[in-house]
Amino acid sequence: MIIKAIPTNIITGFLGVGKTSLIKQLLATKPADETWAVLVNEFGEVGIDAGLLNSSDNGIQIREVAGGCMCCAAGVPTQVAINQLIAKAKPDRLLIEPTGLGHPNEIIKVLSAPHYQNVISLRSTLCLVDARKIHDPRYREHANFIQQLQVADVIIATKSDLYDAENTKLLYELQTYLSHIERTDIPVVSHTNQQPLPSALLDYLNQPRRVSLNMSGHTGTGSKLGAPKLGSLPTTAPSLFRTGGSRLSELSLFAEGAIEVALEFDARGIVRKQNQGEGCFSCGWVFDPRQEFDFDKLMAFIQRHTQSSDVGQVLLRLKAVMITSEGIAGFNWIDHEFTVVELDDTLDSRLEMITVEEVNWDEIEQQLLACLC
């Protein structure tokens, strides 16, 4: 039985800004006698971030909701995932990572509902921003990017080790942009994954949420903040609490009910799933765990599609967790920044690409299959 409300932080930010890396650092601070739970929502359909978190430690439970932004997923699927995660893990803290293409105000509304008031204690919402992107119109003019900043209690200027001599100037320009969207009240903390978490950030993590959402979906902190309108952004989502009585009982907070949907591999041993929305397209592949990839061929495939091909011109994100001839590897590419990490374990191989235009997924699939050992 839940005795006290669970401290809960939402960690938001645009695609590839480092949310998963920050969560890994936060998990490393977990007291040994506590259980923490993580809910990850991804735009793509196959779910990769949980594998990149690579946490096999006792006391950490991870759950994914794949396939779309939180304005869609914050309905029944997300609420079921939250409920099951709480029932299974009985966590001392809950971390929620919405997709970088999502509308975080929707998940905040769900967690602020009366039915959760004795279960969830909303603490600071953290928004990660790469200040180098502040002049890029694809970011600064994107409604989701604006909303992520508007709902935040703390801004984290992430990847600050890459700002070089522009560091001070970029942070000043970030503050200017925050003033433009009427968020002059919000603290900004610089951070890089190469350094320990700043003590100020850990302090903010435990503070109660300050920013509230009114019924129109705009943010407010009393009379001090009047956030600009967000155009035609969706402001409502299907709610567990507006369903009929029988349905509500099926999705009870303490029911461990739902059955996981098993993957159905085709004759080649793969599953392919696609999604589109928010002006983006995704395609993801899951491979039978008995299949192994040639590491060098896989690296060549990734380099071809991130550096020089037609896909590279429209590619926003590539990430993967793969069983290779050199061991289990996690791959992460965003904005010409590419990392490869060794992982301890995975259930299967998964690769996903997000683009700003539809591309020839069949051709890419054949190239990917050619990387198999």
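Two strands are taken to pair if DSSP finds at least two bridges between them. On that basis, this predicted model contains an open sheet of 6 strands in the order 11-12-16-13-14-15, with antiparallel pairing. Helix 13 lies across part of this sheet, namely strand 11, strand 12 and strand 16, and also packs with helix 11.

**The sheet**
- Strand 11 (270–277) and strand 15 (337–342) form the edges, each pairing on one side only.
- Neighbouring strands of the sheet are turned by 10° against each other on average, direction ignored.
- Strand 13 and strand 16 (residues 349–355) run antiparallel and are joined by 6 bridges.
- The bridge partner of V321 is R350, in strand 16.

**A320 in strand 13**
- Strand 13 (residues 315–324) includes A320.
- A320 counts as buried because its relative accessibility is 0%, and the cut-off for buried is under 20%.
- Between A320 and W285 the C-alpha to C-alpha distance is 9.3 Å, although 35 residues separate them in sequence.

- Helix 13 runs at about 30° to strand 12 (280–287).
- The axes of helix 11 (residues 295–307) and helix 13 (residues 361–369) are 9 Å apart and meet at an angle of about 155°. Helix 11 is therefore roughly antiparallel to helix 13, a term applied to angles over 145 degrees.
- On the helix 11 side, the contact is made by L298, F301, R304 and H305, and on the helix 13 side by I364, Q367 and L368.
- The residues of this contact comprise 4 nonpolar, 2 polar and 1 charged.

Conventions: Residues numbered from 1 in each chain as written. Predicted model: local features only at pLDDT ≥ 70, side-chain atom pairs only at ≥ 80, totals over all residues. Heavy atoms only, no water. Axes fitted to C-alpha atoms, helices over the stretch in contact; angles between N-to-C directions. Helix = DSSP H or I, 4+ residues; strand = E, 2+ residues; numbered from the N terminus. Parallel < 35°, antiparallel > 145°, perpendicular 65-115°, else oblique. Contact = heavy atoms within 4.5 Å. Nonpolar A, V, L, I, M, F, W, Y, C, P; charged D, E, K, R; others polar. Buried < 20%, exposed > 50% of the residue type's maximum accessible area, 1.4 Å probe, protein only.
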